[in-house]
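Thanks for coming. I have one structure to go through today, so please look at it on the screen while I talk.

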Amino acid sequence: MDTTIVIPVYEQPELLRDALESVFQQTYDQFEVVVVDDNSSADIDAVVSKFSNARLVSHEKNLGAGAARNTGVKAACGTFLAFLDADDTWKETKLEKQRRVFGERCDEIGLVYTGFVQYELDGTEWERYPEARGNIYVDELERDRVHPTSTVMVRRDVLEEVGGFDTDLPSRQDYDLWLRITEHYEVDYVDEVLVDKREQPNSISKDFDSRIEGDLAVFEKVKERAADLGFGTRSRIYSYHHHVIGRDYESNGNRWKALKHLGLAIVRYPVRPISYAMFIIALFGVNRDGPLLTFVKQFIR
């Protein structure tokens, strides 16, 4: 088995079953599965035991998804690692196509990702296709081109070199890891939507306090990394992170902090239209879940 699939789970046995079924429907079969139960009250073992080549590792207390992924990596036997969140599923050719890319350029690249479709709680959905390959470190500093975790396959030796998920971060642990990987390695992608992401009411993406705390912590890391870059590049990078922080403050109901960061985003890089759009939304208190913005919100992320 040359590939290990790491699945962190907390509660949600039904969703885990769907995730595992999507794994065992893969056209590529040289894999093992490590499910890490982050101290669920549900009977996770009853689900995992029904699947061959799947084993369960359990935490004695709840440590979060990043720590669970790190535990799975330590238990892995594969040369390659693929991550799947328990509330996501894969298209059946995902592993095969990612391994094919690695097979062609294994010595050059450290990570291969795919496109995905996001299913929102309000019933809307949107797709994102890969857009960046090669040496994308500076582009990744500006914004996450690789996200989300369920799209990623990485060489195990690369992960061992750069370190795992930073569990001190309350959110955006995946983005922080992609930064460390892209700093040293090229990346590639499969130009297809091969992951279904299903938003959950209790997901970290809906916990805006944690998201903002993670945004601010990651921004400090990014500023250190970008300090030696040219003024124009640095301004563009800082602008987008101010945009993200402002967007999340607006979603959390803090209009004045939202306006502050969105204003800084515009000042830093005044040719990014989405920052003006978010500034207007924050300024006038536009309902982002209303009928108009429900349609266009995929363009203001």
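I start with a hairpin. Strands E6 and E7 form a hairpin with five residues between the strands, and Gly-123 there takes a positive phi near 95°. Strands here are DSSP runs of E with at least two residues, helices are runs of H or I with at least four, and both are numbered from the N terminus. E6 and E7, the latter being residues 125-128, pair in the antiparallel sense over four bridges; pairing requires that DSSP finds at least two bridges between two strands. Gln-118 stands opposite Trp-126 in E7.

Some housekeeping. This is a predicted model, where local features need pLDDT of at least 70 and side-chain atom pairs count only at pLDDT 80 or more, while totals for chains, interfaces and linings use all residues. Residues are numbered from 1 along each chain as its sequence is written, and side-chain values use heavy atoms, with hydrogens and water left out.

Next, the interior. A nonpolar core is a set of buried Ala, Val, Leu, Ile, Met, Phe, Trp, Tyr and Cys residues joined through side-chain atoms within 4.5 Å. Buried means under 20% relative accessible area, exposed over 50%, and partly exposed in between, with a 1.4 Å probe and protein chains only. The largest such core has 32 residues, and Ile-5, Ile-7, Leu-16, Val-33 and Val-35 have the most contacts inside it. Elements that each supply at least two of its residues include strand E1 (3-9), helix H1 (13-23) and strand E2 (31-37). H1 gives the most to this core, four residues. Apart from it lies another core of 22 residues, among them Leu-81, Phe-83, Ala-132 and Val-158.

Now Lys-97, which sits in helix H4. Its side chain makes a polar contact with the side chain of Glu-192 at 2.8 Å. A polar contact is a pair of N or O atoms within 3.5 Å; within protein, one must be able to donate a hydrogen and the other to accept it, and residues adjacent in sequence count only if both atoms are side-chain atoms.

H7, residues 173-184, is mostly covered, with ten of its twelve residues buried. Among these are Tyr-175, Trp-178 and Arg-180.
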